[in-house]
Amino acid sequence: MTARDRHNTTTMKNRLRRCFAAGFFIMAVVAGQLILHHFGMGIPCFFRAVTGLQCPGCGVTHMAAALLRGDVRGAFEANAGVMVILVPLGVVLLKQCVGYIRHGRTRMSRTENGILAVMAVILFAFAVLRNIGR
């Protein structure tokens, strides 16, 4: 094994550790939210407190709790907008992690940017539609 191969292997291991650390952090935040939800507490939504309207993220904790129970319908009712983008977002994030680990690439492709733009439009439309008639 050459020095360059050892360096690439070490670099890949470091990038893999960073991705695992980021994933662990995200899971810890979600777990903390679910624990708070279980005890009837939660982090109040600043947007809702100021405007009285629901933001695109309102109901995500209820959605996650429902998904953990296997209640897909309940999760969809809690936050349909996030449920719709959950799988494509996961695919984009996974592709980004793999690209980062293998090549150190963090730049998104035109397709990934397009997918994220469509998801943003979906969340915006969801936020508007869920607040009509309030």
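Predicted model: local features only at pLDDT ≥ 70, side-chain atom pairs only at ≥ 80, totals over all residues.
Trainee: How far apart are the end C-alpha atoms of helix α6?
Mentor: Helix α6 takes in residues 110–131, which makes 22 residues. At 1.5 Å a residue, the helix should span 32 Å. The model agrees with this, as the end C-alpha atoms are apart by 32 Å.

Trainee: Within what arc do the buried residues of α6 fall, seen down its axis?
Mentor: The buried residues of α6 are E112, M119, F126, A127, R130 and N131. They line one face of the helix, because seen down the axis they fall within an arc of 110°.

Trainee: Which exposed residues does α6 carry on the face turned away from its buried side, and what covers the buried residues?
Mentor: The face turned away from the buried side carries R110, T111, V121, F124 and L129, which are exposed. The cover over the buried residues includes α4 (72–78) and α5 (80–103).

Trainee: Is Q96 buried or exposed, and with which residues is it in contact beyond four places in sequence?
Mentor: Q96 lies in helix α5. Its relative accessibility is 12%, so Q96 counts as buried. Leaving aside neighbours within four places in sequence, Q96 is in contact with R105, T106, R107, M108 and E112.

Trainee: How many disulfides does the count come to?
Mentor: A disulfide needs cysteine sulfur atoms within 2.5 Å. The sulfur of C45 has its closest cysteine sulfur in C55, at 3.6 Å, which is too far for a bond. C97 is in no disulfide either, with the nearest cysteine sulfur, that of C19, 3.8 Å away. The count of disulfides comes to zero.

Terms used
Residues numbered from 1 in each chain as written. Heavy atoms only, no water. Helix = DSSP H or I, 4+ residues; strand = E, 2+ residues; numbered from the N terminus. Expected span 1.5 Å × (residues − 1). Buried < 20%, exposed > 50% of the residue type's maximum accessible area, 1.4 Å probe, protein only. Arc of directions from axis to C-beta. Contact = heavy atoms within 4.5 Å.
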